[in-house]
Amino acid sequence: MLVALDIDGTLMTYDGEISADLRGVVAELRHAGAHLVLATGRSVHATVPVAHELGLTDGWAVSSNGAVTLRLDPGAETGYEVTDRITFDPGPALRLMHAELPDAHFAVEDLDSGFRMNKLFPTGELSGHHEVVDLEDLWSEHVTRLVVRSPDHTSTDFHDLVHRMGLDEVTYAVGWTAWMDIAPKGVTKASALEVVRRRLGVEPARTVAIGDGSNDLQMIDWAARGVAMGHAPQPVREVADEVTGTIDDDGALDVLRSLLR
């Protein structure tokens with residue numbers, strides 16, 4: 001069985017806590033032979049510590065909303081090996097977005113360290129090392145992810161903007177606030193998980209996914225048993241096979257326990 005797990009808002013509370021009960025059931029599932037794969041919008045450097053916190057020191061993980069896949073390896077110097085890295089030219093999307101949102105925050109992901117950005121993001125919103133650079137430097141090379149943040153706008157404003165602009169050459173996911181992750185075209189958590197599934201030899205019918213955000217929609221739809229957290233947006237809940245409790249209820253715990261039964 002392959003069990004794909006979002007992190008923030010699914011396994012981890014917004015205060016950065018993972019319950020002891022959830023840690024325990026993860027260990028039981030691993031002992032039973034299940035492949036637990038973290039699938040997150042987090043960068044690699046913010047994914048690996050959570051994997052280790054859960055006792056996942058080997059196996060697979062998907063970072064950057066599918067643009068980066070890594071094999072966890074306790075024998076590696078960093079604790080992991082990047083097996084797949086999909087990049088794109090952020091220039092066209094960045095120039096379009098900047099013309100529409102000249103006061104927005106823009107950042108591109110540096111795989112192992114952090115982010116380069118045109119100005120500092122609100123505290124705590126991006127992990128790793130932050131380097132402020134000229135806007136032109138952000139499109140100087142291909143990247144795995146472009147982040148757009150406009151604190152003065154809503155997520156609805158972002159959806160309307162994207163619809164009007166027609167960003168056809170990239171994949172995007174809008175967050176709870178006016179936050180957008182832009183990735184290479186066709187790249188999602190689901191596309192990366194399908195590659196992992198084939199490598200592991202797991203049958204499609206033996207796949208489970210749990211998530212709570214718009215960037216989890218394709219992953220939940222991909223899984224044979226797709227589960228949305230109770231606080232997930234309506235479009236995510238609608239595509240799911242079932243809806244569990246919220247993060248405050250530790251909703252993922254009930255689903256994982258059901259897999260043991």
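I began with D254, which lies in helix α8. I take helices (H or I, at least four residues) and strands (E, at least two) as DSSP runs, numbered from the N terminus. The model is predicted, so I note its limits: local features need pLDDT of at least 70, side-chain atom pairs count only at pLDDT 80 or more, and totals for chains, interfaces and linings use all residues. Residues are numbered from 1 along each chain as its sequence is written, and side-chain values use heavy atoms, with hydrogens and water left out.

**Entry 1**

I looked up how open D254 is. With 47% relative accessibility, D254 counts as partly exposed. The scale I use calls a residue buried under 20% relative accessible area, exposed over 50%, and partly exposed in between (1.4 Å probe, protein chains only). I then checked D254 against V25: they are 229 residues apart in sequence, and their C-alpha atoms are 9.6 Å apart in space.

The axes of α1 (residues 20–31) and α8 (residues 251–260) come within 10 Å and cross at roughly 25°. That makes α1 roughly parallel to α8. Here axes are lines fitted to C-alpha atoms, for helices over the stretch in contact, and angles run from 0 to 180 degrees between N-to-C directions. Angles under 35 degrees count as roughly parallel, over 145 as roughly antiparallel, 65 to 115 as roughly perpendicular, and the rest as oblique.

The crossing of α1 past α8 is left-handed. I read this as the near helix being turned anticlockwise from the far one by less than a right angle; clockwise would be right-handed.

Which residues make the contact? On the α1 side I listed D21, L22, V25, V26, E28 and L29, and on the α8 side A252, L253, L256, R257, L259 and L260. Contact means heavy atoms within 4.5 Å. Sorted by class, the contact of α1 with α8 has nine nonpolar, no polar and three charged residues. For the classes, Ala, Val, Leu, Ile, Met, Phe, Trp, Tyr, Cys and Pro count as nonpolar, Asp, Glu, Lys and Arg as charged, and the others, Gly among them, as polar.

I also recalled why a helix repeats its facing: an α-helix has 3.6 residues a turn, so residues three or four places apart point the same way.

**Entry 1: α3 and α4**

Helix α3 (residues 91–100) and helix α4 (residues 155–165) pack at an angle of about 120°, with their axes 12 Å apart. That makes α3 oblique to α4. The crossing of α3 past α4 is right-handed. L96, M97 and E100 in α3 meet L161, R164 and M165 in α4. I counted four nonpolar, no polar and two charged residues in this contact.

**Entry 2: the packing of α2**

Which residues of helix α2 (residues 44–53) are buried? I found V44, A46, T47, V48, V50 and A51. The buried residues of α2 pack against β2 (35–39), β3 (59–63), β4 (68–72) and β5 (80–85). After α2 comes G55, with a positive phi near 85°.

N65 has a phi near 55°. N65 sits in the loop between β3 and β4 and is buried, at a relative accessible area of 7%. D250 has a positive phi of about 60°. D250 lies in the loop between β14 (242–243) and α8, and at 16% relative accessibility D250 counts as buried.

**Entry 3: the ring pair**

How many aromatic pairs are there? I count one, by a rule in which rings of Phe, Tyr and Trp (its six-membered ring) pair if their centres lie within 6.5 Å; planes under 30 degrees apart count as stacked, over 60 as edge-to-face, and the rest as tilted. F121 and W179 form the pair, edge-to-face, at 6.0 Å centre to centre and 75° between the planes. F121 lies in the loop between β7 (114–117) and β8 (129–132) and W179 in strand β11, so the pair ties together parts that are 58 residues apart in sequence. F121 is buried at 8%, and W179 is buried at 15%.

A183 is in strand β11 (residues 179–184) and is buried, with a relative accessible area of 7%. K185 is in the loop between β11 and α5 (189–200) and counts as exposed, at 53% relative accessibility.
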